Number of protein chains: 2
Amino acid sequence: MATMHPVTEADSQQHFEARLHDLGRRRYHIHHPFHRLMASGDLDAEQIRNWVANRFYYQISIPRKDAALLANCPDRDTRRVWIQRILDQDGSGDDGGGIEAWLRLGEACGLGREELRAQRRVLPGVRFAVDAYSHFVRDSEWHEGICASLTELFAPAIHRQRLENWPRDYPWIESAGLDYFRRRASQAGREAEQGLAVTLEWFNTPERQERALQILQFKLDVLWSMLDAMYLAYVLDMPPYFNEAQVP
Amino acid sequence: MATMHPVTEADSQQHFEARLHDLGRRRYHIHHPFHRLMASGDLDAEQIRNWVANRFYYQISIPRKDAALLANCPDRDTRRVWIQRILDQDGSGDDGGGIEAWLRLGEACGLGREELRAQRRVLPGVRFAVDAYSHFVRDSEWHEGICASLTELFAPAIHRQRLENWPRDYPWIESAGLDYFRRRASQAGREAEQGLAVTLEWFNTPERQERALQILQFKLDVLWSMLDAMYLAYVLDMPPYFNEAQVP
């Protein structure tokens, strides 16, 4: 939880926005050891595949999370904008959508669609973190759900980093497989600006601003926890019940 | 997920019970490296305190989880029995209850009640795992919620282990602080027998029996994930954002 400090009036939008940006700058999962290994070309093929398979669970939860937000939202103007996120992930018309792009990333890495969809590789710790986000949005007031999406402000940098180093460090992955990162490198930033505008306007009291920082911290915790589970399992070779064979 | 295998008829209750026991025998968190360090006297005082503080979040979620189960249960006879669990944890009459006993465990370890209640030490990974259990019971049919409690079948052994080694290995912890383990060493077993009886009767088709094993596996995942988060944070010194100081 962000520390509560006694204030008499809300921060200016500018200062509040700076606080949100600072929190993400310091704690976005771009700094997680697992991601740092990815960015320095130090993950092997199986570790990459396991990351793709675990992230898939996050991907498929997003349109449902956004549908839950729509369900909680009585504001038709907001719904008209927010529904685009569901269309972007599930696809519409000729656009296969983000989930389709992730399935192609899987194929480019040597993971079949059926394997990804069966979720066989999804770690419990990843599932619990992703579900925490889904449940939060389902159970929260819709402005809070929008605020929780603001890690997208920091996503373009991580996608651009991957677009830069994967072709060099993981040349065995076909370039077309990286289309998801290409989509999100710009899309995430545009969507985040919408979410930010709503957040800056709604969270306009000291208490609400502290709440917004708590919510962003929670979402940063979700992303960091996902990588914690993957680090323990795939870098430290301690997946769940790794020592089961020694049980008498 | 437990592997689905084609079967034409349900296992006998005896065989089904044996499968449940075998799953727990192999995967109960008594085998987790964090717990093995605890059992061999190799945790330091701060690690013990952090475990107590994180487990507290699990403790306080239990009566609410059981209330959610009651809310889903239209069977008055079951509710008359199951409500005892809420009374046991929250306390009633002269019995302070399990949560009170855990607060006293905290005090015996040098953790103040206010600190435990403030949940300052609760790791995100622990919170997400515990909340996954709470949400499961809230969102599931009540027999499934009861089935998820069956890790209690394996709990007496772990409480008895602690009662045996803590006085020897952690003599700085006052004996009265271990009352929670004393309560649960017998209580958990009795409660588990009730849950087991319901489970053996209700899960009486091949599909339902596979489902019960999936549910037990899920609950084992919850407990193991909690210790994964604690191991990473307190044994490997990699709590969330441990490297934040190096962010430019």
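R80(A) is found in helix α4 (residues 76-90) of chain A; helices here are DSSP runs of H or I with at least four residues, numbered from the N terminus. With a relative accessible area of 58%, R80(A) is exposed, the term for values over 50%, whereas buried means under 20% and partly exposed lies in between (1.4 Å probe, protein chains only). R80(A) and L20(A) are 60 residues apart along the chain, and their C-alpha atoms are separated by 26 Å.

The model is predicted, so that local features need pLDDT of at least 70 and side-chain atom pairs count only at pLDDT 80 or more, while totals for chains, interfaces and linings use all residues. Residues are numbered from 1 along each chain as its sequence is written, chains are lettered from A and ligands numbered from 1 in the order in which they are written, and side-chain values use heavy atoms, with hydrogens and water left out.

**Relation of the two chains**

Chain B is superposed on chain A by a rotation of 180° with 0.0 Å of shift along the axis, at an RMSD of 0.0 Å; the superposition is by least squares on the C-alpha atoms of residues with pLDDT of at least 70 in both copies. The two copies are thus related as by a two-fold rotation axis. Among the residues of chain B, F128(B) comes closest to this rotation axis, with its C-alpha at 2.7 Å. Of the interface residues of chain B, 100% are also interface residues in chain A, so the copies meet through the same surface.

**Helix packing**

Two packed helices are described by the angle between their axes and the distance between the axes. Axes are lines fitted to C-alpha atoms, for helices over the stretch in contact, and angles run from 0 to 180 degrees between N-to-C directions.

Between the chains, helix α7 (residues 124-139) of chain A packs against helix α11 (residues 206-235) of chain B at an angle of about 90°, with the axes 9 Å apart. α7(A) and α11(B) are therefore roughly perpendicular to each other, a term for angles of 65 to 115 degrees, while those under 35 count as roughly parallel, those over 145 as roughly antiparallel and the rest as oblique. In this pair, P124(A), G125(A) and F128(A) of α7(A) meet F218(B), D221(B), V222(B) and S225(B) of α11(B), contact being defined as heavy atoms within 4.5 Å. By class, this contact of α7(A) with α11(B) has four nonpolar, two polar and one charged residues. Ala, Val, Leu, Ile, Met, Phe, Trp, Tyr, Cys and Pro count as nonpolar, Asp, Glu, Lys and Arg as charged, and the others, Gly among them, as polar.

Within chain B, helix α9 (residues 155-169) and helix α10 (residues 179-202) pack at an angle of about 155°, with their axes 8 Å apart. α9(B) and α10(B) are therefore roughly antiparallel to each other. The residues A155(B), P156(B), H159(B), R160(B), R162(B), L163(B) and W166(B) of α9(B) meet Y180(B), F181(B), R182(B), R184(B), A185(B), A188(B) and G189(B) of α10(B). Eight nonpolar, two polar and four charged residues make up the contact of α9(B) with α10(B).

**Buried elements of chain B**

Nine of the 11 residues of helix α5 (residues 98-108) of chain B are buried, so this helix is largely enclosed by the rest of the structure. Among them are W102(B), L103(B) and L105(B). The buried residues of α5(B) pack against α3, α4, α6 (113-118), α9 and α10 of chain B. Just after α5(B), G110(B) takes a positive phi of about 95°.

Q89(B), in helix α4 (residues 76-90) of chain B, is buried, with a relative accessible area of 6%. Leaving aside neighbours within four places in sequence, Q89(B) is in contact with residues including Q59(B), G98(B), Y180(B) and R184(B).

C73(B) lies in the loop between α3 (45-71) and α4 of chain B and is buried, with a relative accessible area of 4%. Beyond neighbours within four places in sequence, C73(B) is in contact with T78(B), R79(B) and W142(B). From C-alpha to C-alpha, C73(B) and P167(B) are 41 Å apart in space, and they are 94 residues apart in sequence.

D237(A), in the segment after α11 (206-235) of chain A, has a positive phi although it is not a glycine. Y241(B), in the segment after α11 of chain B, likewise has a positive phi without being a glycine.

| Residue | Phi | Relative accessible area |
|---|---|---|
| D237(A) | about 55° | 57%, exposed |
| Y241(B) | about 65° | 8%, buried |

Terms used. Helices (H or I, at least four residues) and strands (E, at least two) are DSSP runs, numbered from the N terminus.
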